Amino acid sequence: MKLQRLLSLIRQAVDQYEMIEEGDHIAIGISGGKDSLTLLWGLAHLQKFYPKHFSLSAITVDMGIDTMDLEPIKALCQEFQVPYEIIPTEIGKILFDIRKETNPCSLCAKLRRGALHTAAQELGCNKVALGHHLDDAVETFYMNLWREGRIGCFSPVTYLS
């Protein structure tokens, strides 16, 4: 019953913010965490009955710093019939070996997002979906306030060129 409620909330957000249009090819950024895997589950199930037809691709940006086992993600994508790509990068090497960053979070996020968007374009995707939740929005709000002196947060839909 809780999964049905989750799917209902996903559809409600998709409808309210007009996130999906007919014929969209959506790249899902997969980190391997519960947020992105829940998004994968939700969109794969929504795809079965949503009135606007869309396709999915899942993408993991491999930063080259850990040895995360991606086999369970591959199996899940295969079960949902969602194509899965792993994009190898040297982000870890750039952050820690070359630049020796002491606070790498902001630069890491920008590099990962750039790699994700490039991969999505190469796969023919016209949208990218990320598994953000309320805690992410609150954290972004406070980081903007404390570090930049402005009140702001990411919106549910962001247009990138």
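Reader: Is aspartate 24 buried or exposed?

Author: The model is predicted. Buried means under 20% relative accessible area. Aspartate 24 has 4%, so this residue is buried.

Reader: With which residue does aspartate 24 form a salt bridge?

Author: Side chains of opposite charge can pair when their charged atoms come close. Here the partner of aspartate 24 is lysine 127, with the closest N and O atoms 2.7 Å apart. The pair links distant parts of the chain, 103 residues apart: aspartate 24 lies in the loop between α1 and β1, and lysine 127 in strand β4. Lysine 127 is partly exposed, at 25% relative accessible area.

Reader: How many salt bridges does a search of the whole structure find?

Author: The search finds six. One of them joins aspartate 15 to arginine 11, with 3.4 Å between the closest N and O atoms. These two residues are four apart in helix α1, so about one helical turn separates them. Aspartate 15 is partly exposed at 38%, and arginine 11 is partly exposed at 27%. Another salt bridge pairs arginine 150 with glutamate 148 at 2.8 Å, N to O. Arginine 150 is partly exposed at 41%, whereas glutamate 148 counts as exposed at 51%.

Reader: At what angle do helix α2 and helix α3 pack?

Author: The angle is about 10°, and the axes are 10 Å apart. Angles under 35 degrees count as roughly parallel, so α2 is roughly parallel to α3.

Reader: Which residues of α2 and α3 meet?

Author: Leu37, Leu40, Trp41, Ala44 and His45 in α2 meet Ile73, Leu76, Cys77 and Phe80 in α3. By class, eight residues of this contact are nonpolar, one is polar and none is charged.

Conventions:
Residues numbered from 1 in each chain as written. Predicted model: local features only at pLDDT ≥ 70, side-chain atom pairs only at ≥ 80, totals over all residues. Heavy atoms only, no water. Axes fitted to C-alpha atoms, helices over the stretch in contact; angles between N-to-C directions. Parallel < 35°, antiparallel > 145°, perpendicular 65-115°, else oblique. Contact = heavy atoms within 4.5 Å. Nonpolar A, V, L, I, M, F, W, Y, C, P; charged D, E, K, R; others polar. Salt bridge = Lys/Arg side-chain N within 4 Å of Asp/Glu carboxyl O. Buried < 20%, exposed > 50% of the residue type's maximum accessible area, 1.4 Å probe, protein only.
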